[in-house]
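My notes follow in the order in which I looked things up.

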Amino acid sequence: MNRNVEVVSFSHQALRGVGAVRVFQNVDPSTFENIATAGHDATARWVWGAATATADWLCDRGMEWIQGKRVVEIGAGTGLLGLVAARLGASSVTLTDLPTELPLLRRNLAANVTSHGAGEGACADRVESTNSSADGGGHCDVHVEACAWGDEQALAALGTFDVVLCSDVLYQNDENTQGALARTMSRLSAPRSGRVLFSYHFRENIIADTPFFQAVEGLFGDPVQHTVAGELKDELWLFEYRHLASES
């Protein structure tokens, strides 16, 4: 992670359309300090290594995991992973986070639409990207929505999805928040066909994060563990969860 650059670019040969996925980071130290003082978690404002490693993994498996699927990203932060999914042929992508984080998500969504000529309306919470196919003719409906983990009203409004993406969202969370994250993953995942991809950067916090893993395994059962390449291969745990009913 580099907090000193304003824009992070992600490129991969599997991305459809032209150019890299580009997302802005929060590089204003005073903004960070104000958020922290107000009691908000400011970790969402940067692109962490787990996001790019998970994006690489998805790009190598986009046909299986993403193409034609309804995708939601939980705790999207900068939105990098969800925006990559949009470029891999998803039918729709919904980027979710706390209300305080939505301005940055909207900015990054707009940047990745207007930079490819989508025209007016790019700053809205819902835009239709023209950048999801190699010939420029495909469309991916991309949304930005507020969703606090465990918020039943927000979850009901969102519905369910084919693919739920979570990248490096656990960090010094209390037990109640961890349980809410597990329930949110379960509620957003389609009962029979849904898949959850959960990337967990091991930072010697596994004991503190045990409540989450206990809760999520109670909802989904044992996960399938995948491996990533690169410098995080020994530190990043990539888990695939499916509802127990979908295994039969």
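The model is a predicted one, in which local features need pLDDT of at least 70 and side-chain atom pairs count only at pLDDT 80 or more, while totals for chains, interfaces and linings use all residues. Residues are numbered from 1 along each chain as its sequence is written, and side-chain values use heavy atoms, with hydrogens and water left out.

**Entry 1: α2 and α4.** I took helices as DSSP runs (H or I, at least four residues; strands are E, at least two), numbered from the N terminus. By this convention α2 passes α4 in a right-handed crossing. Their axes, lines fitted to C-alpha atoms over the stretch in contact with angles from 0 to 180 degrees between N-to-C directions, come within 9 Å and cross at roughly 15°. Contact, meaning heavy atoms within 4.5 Å, is made by Ala51, Thr52, Thr54, Ala55, Leu58 and Cys59 of α2 with Leu80, Leu81 and Val84 of α4.

**Entry 2: α4 itself.** After α4 comes Gly89, with a positive phi near 100°.

**Entry 3: the cores.** I counted as a nonpolar core a set of buried Ala, Val, Leu, Ile, Met, Phe, Trp, Tyr and Cys residues joined through side-chain atoms within 4.5 Å. In the largest, of 41 residues, the members touching the most others are Leu58, Ile66, Val84 and Val93. Helix α2 (residues 49-59) gives the most to this core, seven residues. Beyond four places in sequence, Leu58 is in contact with Trp65, Ile66, Leu81, Leu88, Leu165 and Leu197. Another core lies apart from it, with 24 residues including Leu158 and Phe239.

**Entry 4: α7 and α8.** The axes of α7 (residues 175-188) and α8 (residues 210-220) come within 8 Å and cross at roughly 25°, and these helices are therefore roughly parallel to each other. I noted a right-handed crossing here too.

Conventions:
Buried < 20%, exposed > 50% of the residue type's maximum accessible area, 1.4 Å probe, protein only. Parallel < 35°, antiparallel > 145°, perpendicular 65-115°, else oblique. Left-handed = near helix turned anticlockwise from the far one by under 90°.
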